[in-house]
Amino acid sequence: MGMRKVAVVGAGMTKFVRRALETPKELAWQASHMALQSCELTMDDIEAVCLGTAPDSFDGLHMNGEYLSDGSGGWNKPYMRSYVGGGTGVFVPIQGWYHVASGLFDVVLVVAEEKMSSFYPHAQAAFLTIFDHTTERPLKPNLLWIFALEMNRYMTTYGISKADIARVSVLHKRNAAHHPAALLGDAEITVEDVVGRDYAVEIEDLHVL
Amino acid sequence: MDRVAIAGVGWAGYRPSTPEVSYKELTYEAAVKAYADAGIDPRRDVQSFVTVAEDFLEGTSIFDEYTPDQLGAALKPMQTIAGDGLHGLATACMLVNTGQYDMVVVEGHSKASNVLTLPEITAYAQDPVLNRPLRLNSDFIAGLEMNRYLFETGTTMEQCAQVVVKNRRNALDNPRAPYGADLTIDDVLNGATRSWPLGEREASRPADGAVVMVLCSENRLRSLACTPVWILGIGWSNGSPSLESREWGELPYIQKAARMAYNQLGISSPRSVVDFAEIDDTYAYKELQTLEALGLCSPGEAGILTEEGYTAADGELPVNVSGGSLGMGHLFDATGLARTLEAVLQLRGQAGVNQVPEVEIALVQSWRGVPTTSGAVAILGN
């Protein structure tokens with residue numbers, strides 16, 4: 001018997017903003033509601049809910065999945081949160097896939113949520129706690145540094161210039177200018193704009209992308 | 001869904017403190033034992049890995065990045081489930097049933113002795129807008145729930161204390177349990193109060209430990225030389241996360257999770273099928289409340305049955321023969337796996353002094369603790 005095929009039948013997405021006034025629950029509810037509306041289903045049709053969110057320090061909540069459960073529709077239903085670091089947003093549809101492909105459920109709701117602005121003074125500080133507490137954290141590394149190290153190594157190994165990489169920023173920011181949910185779209189941005197910006201901002205933009 | 005085999009089990013601990021090892025070393029020890037038990041090589045044979053963990057208890061954000069090494073899972077599919085060990089087992093069952101994976105490993109651990117501020121951490125699980133400003137201690141919520149449960153069912157504080165006496169006595173015969181004790185009901189009731197009516201001795205204490213399990217399909221099992229225990233049914237459910245709108249006397253999410261598991265076996269009367277149970281006793285009253293939610297007795301009956309010895313190790317339905325969390329210690333999200341381990345050893349006839357004779361069907365249940373309404377239920381058979 002072949003594997004059970006699984007279809008995506010509806011989707012919803014809130015607008016990405018720098019400081020959302022909604023609570024994490026409300027953001028999850030908005031996206032869930034939009035997804036259900038888009039395929040004319042209600043929560044009565046949903047048999048299980050899969051949630052992706054990581055890490056807890058962004059939302060400032062221990063067991064953030066439990067807090068988000070009712071906002072995500074996970075009330076009185078099988079509900080489970082998965083996370084795989086920065087890949088969580090892509091992974092949680094996989095979680096939805098195996099819920100259905102296993103034959104245990106026919107219709108599931110997949111929700112991904114992140115509210116980074118809850119972290120003061122800046123979400124970047126939450127990344128200070130991602131490093132190994134014994135071997136790395138005493139060195140006080142920063143997420144931007146490790147990206148810069150990797151970028152440097154990649155550029156050196158393959159002879160790639162900063163302008164080559166800047167073209168990715170230009171491509172994506174121009175695409176985002178026409179995306180209704182995007183925060184950082186810029187239809188007029190050029191390679192010179194990206195290369196000419198100071199390093200910290202450039203690297204931060206790279207992270208946001 | 002097809003049944004899935006537990007082909008190998010391994011554990012390390014459990015102890016109140018393990019200063020000589022890191023969480024990675026603790027997990028490694030459990031993993032090595034589980035792989036030897038199943039007779040497999042993780043790098044060659046296992047196709048997917050699942051860890052159950054929560055960032056704040058680990059003290060590391062994006063903790064899922066730290067899970068592959070100690071399991072032999074580098075460069076393999078690996079995911080973290082922010083749930084109890086039973087949620088991890090459910091995930092493995094689904095992965096096997098997709099047909100894409102025929103062997104999956106599930107891991108859970110607790111390095112509770114690293115956590116210096118547990119009350120503050122659990123308080124951070126409360127709603128930040130509505131509840132956290134009230135500065136509620138998590139055990140205060142358990143006290144409220146216990147009070148409501150006693151009020152609604154007529155269960156007595158003596159009956160709750162009997163759970164402590166039973167489980168900690170059972171733990172004396174379990175080599176994995178560090179909190180065994182020979183107590184009386186008066187010892188329990190005359191102890192300090194945690195959050196009235198919840199007594200200090202009615203709350204489980206944390207422990208360090210790790211549990212690893214190897215799960216596989218029926219087809220894959222044929223090429224292994226091991227003693228399997230089958231996961232015959234598994235269910236999980238969430239209730240209301242809100243303190244303001246939840247049921248306080250009952251556990252509808254456990255009822256729902258149990259029904260999901262029972263339906264997979266076609267069970268309508270669990271009491272006539274289940275030979276023994278390993279269930280939540282994070283707080284003593286939870287064992288009684290849970291027995292009723294699972295349909296193993298009527299509402300308000302669990303306390304009376306416990307007093308009469310029905311749930312004792314030599315009773316008609318032995319409950320927490322292992323000593324439970326009161327006797328083995330609370331292993332955070334590894335708790336469901338630790339209880340599954342005890343059920344596996346019982347069903348294999350390898351439980352030693354604690355062995356219950358002639359058992360075929362076990363029920364395992366877990367709860368994720370205050371302030372959650374998240375639980376899971378598994379039915380195992382040999």
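**A strand and its neighbours**

Strand β2 (residues 48-52) of chain B is joined by 5 bridges to strand β4 (residues 103-111) of chain B, and the two run parallel. Helices (H or I, at least four residues) and strands (E, at least two) are DSSP runs, numbered from the N terminus, and two strands pair if DSSP finds at least two bridges between them. V50(B) has V106(B) of β4(B) as its bridge partner. The model is a predicted one, in which local features need pLDDT of at least 70, side-chain atom pairs count only at pLDDT 80 or more, and totals for chains, interfaces and linings use all residues. Residues are numbered from 1 along each chain as its sequence is written, while chains are lettered from A and ligands numbered from 1 in the order in which they are written.

β2(B) is also linked to β3(B), by 4 bridges in a parallel arrangement; here T51(B) stands opposite T80(B). Of the 5 residues of β2(B), 5 are buried (20 or more other C-beta atoms within 10 Å of the residue's own, C-beta atoms being placed from the backbone). S48(B), V50(B) and V52(B) lie on one side, F49(B) and T51(B) on the other.

β3(B) leads on to chain A: 2 bridges join it, antiparallel, to strand β2 (residues 79-83) of chain A, with T80(B) as the partner of Y83(A). Altogether, 41 residues of chain B are in contact with 38 residues of chain A (C-beta atoms, placed from the backbone, within 7 Å). Elements giving two or more residues to this side of chain B include β3 (78-81), α4 (85-98) and α10 (252-265). The largest share, 5 residues, comes from α4(B).

How values were computed
Contact = placed C-beta atoms within 7 Å. Buried ≥ 20, exposed ≤ 12 C-beta atoms within 10 Å, placed from the backbone.
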